[in-house]
Amino acid sequence: MLRRHAFWLDLGVVLIFAAAGRRSHELDGSVLGVLQTAWPFLVGLAVGWIAVRRQPADRRVWWLDGTVVALSVLVVGMLLRLAGGQGTALPFVLVATGLVTAGILGWRAVDAAVGARRSG
């Protein structure tokens, strides 16, 4: 179902997360502003997707793919923010973890449930 669009849905989660964060801090909501905030997490997204795609298709499951991608987005993103002198305060890390994990695993869980219901 949505699996073939997985990368784009994950990309959307990261961009919405960055846009929402900028809005909550009353920062510029332009495309360039959102990309400026999102870039460390987008690098993490790319790393996660490279790791997921290296696995044989018959060994891939939705929750493991989502966990790998979400962890990569968060760990790589936070490390790049830290290296760039950007904030990595605990409340930010906790909010980012909740939102990114819920988004990346959430759409996969819904897709898996709909797929199971259709086939069962």
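Good morning. I begin with Asp28, which sits in the loop between helix 1 (6–24) and helix 2 (31–53); helices here are DSSP runs of H or I with at least four residues, numbered from the N terminus. The model is a predicted one, in which local features need pLDDT of at least 70 and side-chain atom pairs count only at pLDDT 80 or more, while totals for chains, interfaces and linings use all residues. Residues are numbered from 1 along each chain as its sequence is written, and side-chain values use heavy atoms, with hydrogens and water left out.

Apart from neighbours within four places in sequence, Asp28 is in contact with Arg22 and Gly33, contact meaning heavy atoms within 4.5 Å.

I turn now to the helices. Helix 1 and helix 4 (residues 90–119) pack with their axes 10 Å apart, at an angle of about 155°; axes are lines fitted to C-alpha atoms over the stretch in contact, and angles run from 0 to 180 degrees between N-to-C directions. The two helices are therefore roughly antiparallel to each other, the class for angles over 145 degrees. Which residues make the contact? Helix 1 contributes Ala6, Leu9, Asp10, Val13 and Phe17, and among the residues of helix 4 are Phe92, Leu99, Gly103 and Trp107.

Thank you.

Conventions: Angles under 35 degrees count as roughly parallel, over 145 as roughly antiparallel, 65 to 115 as roughly perpendicular and the rest as oblique.
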